Amino acid sequence: REANQRADALYGFGPGGLVGRNLSDLLAEEQHAAFAEWLATMKRDGQFVGESVHVNASGARFAVEVSARRVEAEGQVELVALVRDITERKAADARIARLNQVLRTLREIDEMTLREHDPARLRSEACRILVEQGGVAIAWIGVAEPDGRIRPVAWAGALAEMITQVQVRWDDTPEGRGPAGTAIREDRTVAVRDTS
């Protein structure tokens with residue numbers, strides 16, 4: 001029935017564009033089942049606080065925190081909802097969670113290097129930890145051979161054995177200019193964010 005200018009701007013329907021819309025129209029498709037629970041909570045407790053995913057006029061999704069309360073005004077029961085865009089907070093939380101995962105993985109590998117003295121098992125365990133704890137799809141370790149080849153000596157992950165079928169080199173050839181070859185040839189860390 002009413003929405004302030006900030007709400008109009010958040011959803012992008014223009015001034016007064018929220019008036020007359022159904023609340024469920026603002027929800028991402030997968031949130032519709034939760035909406036029924038939210039309404040049941042409102043009827044039972046008279047209030048609701050939680051997180052959801054909403055969509056704006058252009059269909060873009062964004063994370064929100066909703067604080068709603070049932071109030072009586074002039075003999076009518078109404079719902080007052082405060083909606084806060086928490087997209088940036090959720091992104092920051094995801095970055096922190098990923099960094100914590102990386103730190104836990106590195107700590108586990110570090111602890112494993114102190115107790116494991118067999119080089120083959122050490123490499124194999126490091127790859128396994130990277131996949132199981134670090135959340136990477138494939139981890140492998142290779143040895144730079146004098147003839148320019150990189151010989152895989154340990155690997156883990158889905159289809160990781162395919163690394164033994166691929167010719168990876170470290171010399172200055174087309175096959176040696178990938179991330180592994182560049183890292184060895186130029187003695188530096190190489191990170192590739194775009195796997196295509």
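Helices (H or I, at least four residues) and strands (E, at least two) are taken here as DSSP runs, numbered from the N terminus. The structure is a predicted model, in which local features need pLDDT of at least 70 and side-chain atom pairs count only at pLDDT 80 or more, whereas totals for chains, interfaces and linings use all residues. Residues are numbered from 1 along each chain as its sequence is written, and side-chain values use heavy atoms, with hydrogens and water left out.

Strand 1, residues 47–55, pairs in the antiparallel sense with strand 2, residues 61–73, over nine bridges, where two strands are said to pair if DSSP finds at least two bridges between them. Within this pairing, glutamate 51 stands opposite glutamate 65 of strand 2. The two strands form a hairpin with five residues between them, and in its turn glycine 59 has a positive phi of about 95°. Strand 2 also pairs in the antiparallel sense with strand 3, residues 76–85, in this case over 10 bridges. Valine 64 has aspartate 85 of strand 3 as its bridge partner, and serine 67 has leucine 82 of strand 3.

Strand 2 and strand 3 likewise form a hairpin, with two residues between them. Glutamate 74 is found in the loop between these two strands, and its phi is near 55°, a positive value in a residue other than glycine. Most residues other than glycine have a negative phi. At 84% relative accessibility, glutamate 74 counts as exposed; the classes are buried for under 20% relative accessible area, exposed for over 50%, and partly exposed in between, with a 1.4 Å probe and protein chains only. A positive phi, of about 50°, is also found at aspartate 187, although this residue is not a glycine. Aspartate 187 lies in the segment after helix 5 and is exposed, with a relative accessible area of 71%.

Helix 2, residues 32–45, has 14 residues and reaches 20 Å from its first C-alpha to its last, close to the 20 Å expected at 1.5 Å a residue, the expected span being 1.5 Å times one less than the number of residues. The buried residues of helix 2 are Phe35, Trp38, Thr41 and Met42. These residues cover an arc of only 115° around the axis, which puts them on the same side of helix 2, the arc being that of the directions from the helix axis to the C-beta atoms. An α-helix has 3.6 residues a turn, so residues three or four places apart point the same way. The face of helix 2 turned away from its buried side carries the exposed residues Ala33, Glu37, Lys43 and Arg44.

Pockets were identified on a 1 Å grid over the protein atoms alone, a pocket being an open set of points where a 1.4 Å probe fits, with protein on both sides within 12 Å along at least five of seven lines, and lining residues having an atom within 4 Å of a point. Grid points are joined across faces, edges and corners, and a volume is the space filled by probe spheres set on the points. The largest pocket has a volume of about 1,400 Å³ and is lined by 40 residues, of which Leu23, Val80, Ala81, Leu82 and Val83 lie nearest its centre. Helix 1 (5–11), helix 2, strand 1, strand 2 and strand 3 each supply at least two residues of this lining, and the largest share, nine residues, comes from strand 3. The lining divides into 22 nonpolar, seven polar and 11 charged residues, where Ala, Val, Leu, Ile, Met, Phe, Trp, Tyr, Cys and Pro count as nonpolar, Asp, Glu, Lys and Arg as charged, and the others, Gly among them, as polar.

The second largest pocket has a volume of about 880 Å³. Its lining comprises 21 residues, of which Ile138, Trp140, Pro179, Val190 and Val192 lie nearest the centre. Helix 4 (119–132), strand 4 (138–144) and helix 5 (179–186) each supply at least two residues of this lining, and strand 4 gives the most, with five residues. By class, the lining of the second largest pocket has 16 nonpolar, three polar and two charged residues.
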